[in-house]
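Dear colleague,

I am passing on the structure below, and my notes on what was found in it follow.

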Amino acid sequence: MSRTIFVLNGPNLNLLGQREPEIYGHETLADVEANCRACCTEGFDIRLLQSNHEGQIIDWIHEARHDACGIVINPGAFTHTSVAILDALNAFEGPVIEVHVSNVHKRESFRHHSYVSARAEGVIAGLGIEGYEAAVRRICSLLA
Ligand code: CA2
């Protein structure tokens, strides 16, 4: 069985650390990747991916069915719109943790609903990029 955890990121998250630091902080996705790799239990590995395209994210979730033991996902704005990402996650058998860098519940009401939460074992919001590390740790402990 695969011991790789996919850390999937949706649209605009490639800009992390470059714009709107008051909301998203100063750290980049490269920092997220390094921190996730550093905190996962021995024997597990991280594959961090980002796309601005919904279909690409769905294709990676399909790949995860064979190549990953768990998924950490920050779907970005697709969180609030994408039944297709929810459907893809429903076809994945391992644990899924949803992460948001910002506290979506403190923001506009359209960010309060997530399609992905209906599938996720856990949801983390507002911990900055530390949320990704908490999610990776949780997946490692669920699979221990
Ligand atoms: O808080 C989060 O992680 C979000 O998933 C981020 C999404 C937003 O649409 C969700 O409601 C909450 C937006 C990602 C945009 O990322 C940027 C990062 C830096 C600068 C500009 C955009």
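How far is an oxygen atom of the ligand from an N or O atom in the side chain of His-80? The distance is 2.7 Å, which falls under the heading of a polar contact, here a pair of N or O atoms within 3.5 Å. Please keep in mind that this is a predicted model, in which local features need pLDDT of at least 70 and side-chain atom pairs count only at pLDDT 80 or more, while totals for chains, interfaces and linings use all residues. Residues are numbered from 1 along each chain as its sequence is written, and side-chain values use heavy atoms, with hydrogens and water left out.

An oxygen atom of the ligand also lies 2.6 Å from an N or O atom in the side chain of Ser-102, and a ligand oxygen is 3.4 Å from a backbone N or O atom of Ala-77. Taken alone, the ligand exposes 510 Å², of which the protein buries 95% (accessible areas by the Shrake-Rupley method with a 1.4 Å probe).

Around the ligand there are 17 residues (each with a heavy atom within 4 Å of it), and those that come nearest are Asn-74, His-80, Val-101, Ser-102 and Arg-111. By class, this shell divides into 8 nonpolar, 6 polar and 3 charged residues, where Asp, Glu, Lys and Arg count as charged, Ala, Val, Leu, Ile, Met, Phe, Trp, Tyr, Cys and Pro as nonpolar, and the others, including Gly, as polar.

Best regards

How values were computed:
Polar contact = N/O pair within 3.5 Å; in protein donor to acceptor, adjacent residues only side chain to side chain.
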